[in-house]
Amino acid sequence: MIKPNKPEISVVIPAYNEAKYLPKCLESIIKQTFNNYEIIVVDNNSTDNTAWIARSFGARVVKEKIQGMIPARERGFREAKAEIIARTDADTVVTKDWLEKIFRTFQTNPEVIALSGPIFNSWNLLNILGKIYSTCQGIYFFYLTGKFSNGFNNGVWHVWFDANS
């Protein structure tokens, strides 16, 4: 359920002519086990039905006239109502517990200030391994590598910790 007035997480999706891919992305977000979020699709001058599709899924559509991923992403961040912002690409299908894991990480680890992760097919994920990677100016970088059924270790999840908390 999307709660646009007081969401715990704002999901930001920059989009330029993503009508072909956006429906699967939005379907995966709507099926989340976590239900207090808003979806913001940033229409970056699309000439297809990107904005219409986003609205049909209940997403809030904002326009960004400056072309490019960075201006579109930043516009979405400025529009976000929640303290936690989750960003994904319009051609990405997220796992059904993606937002739940993000929220739980921030709730149970108040020293976490940011997360990032790999793009992967969720059905290939077998396990997650973690270890401390390095420290830099009071911020710890923790990474989780995903071991996939195809035998490759694809992708890295980064978690930034504030060493002062």
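Mentor: Two ground rules come before the questions. Residues are numbered from 1 along each chain as its sequence is written, and side-chain values use heavy atoms, with hydrogens and water left out. In this predicted model, local features need pLDDT of at least 70 and side-chain atom pairs count only at pLDDT 80 or more, while totals for chains, interfaces and linings use all residues.

Trainee: How many helices and strands are there in the protein?

Mentor: Helices (H or I, at least four residues) and strands (E, at least two) are DSSP runs, numbered from the N terminus. From the N terminus on, the elements run β-α-β-α-β-α-β-α-β-β-β-β. The count is 4 helices and 8 strands.

Trainee: What percentage of the residues count as buried?

Mentor: Buried means under 20% relative accessible area, exposed over 50%, and partly exposed in between (1.4 Å probe, protein chains only). The protein has 165 residues, and the buried part of them is 37%.

Trainee: What is the order of the strands in the open sheet?

Mentor: Two strands pair if DSSP finds at least two bridges between them. The open sheet has 4 strands with parallel pairing, and their order is β3-β2-β1-β4.

Trainee: Which strands stand at the edges?

Mentor: An edge strand here has a single partner strand, so one side of it is left without a neighbour in the sheet. The twist averages 30 degrees from one strand to the next. The edge strands are β3 and β4.

Trainee: In β4, which residue is the bridge partner of V12?

Mentor: Strand β1 (residues 9-15) and β4 run parallel, joined by 4 bridges. The partner of V12 in β4 is R87.

Trainee: Which strands does α4 touch as it packs on the sheet?

Mentor: Axes are lines fitted to C-alpha atoms, for helices over the stretch in contact, and angles run from 0 to 180 degrees between N-to-C directions. The direction of α4 makes about 145 degrees with that of β4. The strands touched by α4 are β1, β2 and β4.

Trainee: Why do the buried residues of α4 line one face of the helix?

Mentor: The buried residues of α4 are W98, L99, I102, F103 and F106. The arc is that of the directions from the helix axis to the C-beta atoms. Seen down the axis of α4, these buried residues line one face because they fall within an arc of 125 degrees.

Trainee: Where is T88, and is T88 buried or exposed?

Mentor: T88 sits in the loop between β4 (84-87) and α4 (98-108). Contact means heavy atoms within 4.5 Å. Leaving aside neighbours within four places in sequence, T88 is in contact with V12, I13, P14, C25, I29, V94 and W98. At a relative accessible area of 5%, T88 is buried.

Trainee: Which residues form the aromatic pair, and how far apart are they in sequence?

Mentor: Rings of Phe, Tyr and Trp (its six-membered ring) pair if their centres lie within 6.5 Å; planes under 30 degrees apart count as stacked, over 60 as edge-to-face and the rest as tilted. A search of the whole structure finds 1 aromatic pair. The pair is F34 and F103, tilted, at 4.8 Å centre to centre with 35 degrees between the planes. F34 lies in the loop between α1 (22-30) and β2 (37-43) and F103 in helix α4, so the pair ties together parts whose separation in sequence is 69 residues.

Trainee: With which residue does D43 form a salt bridge?

Mentor: A salt bridge is a side-chain nitrogen of Lys or Arg within 4 Å of a carboxyl oxygen of Asp or Glu. By this rule the count comes to 9 salt bridges. The closest N and O atoms are 2.8 Å apart, and the partner is K63.

Trainee: How many residues apart in helix α4 are R104 and E100?

Mentor: The side chains of R104 and E100 meet in a salt bridge (3.4 Å, N to O). R104 is partly exposed at 43%, and E100 is partly exposed at 28%. They are separated by about one helical turn, being apart by 4 residues.
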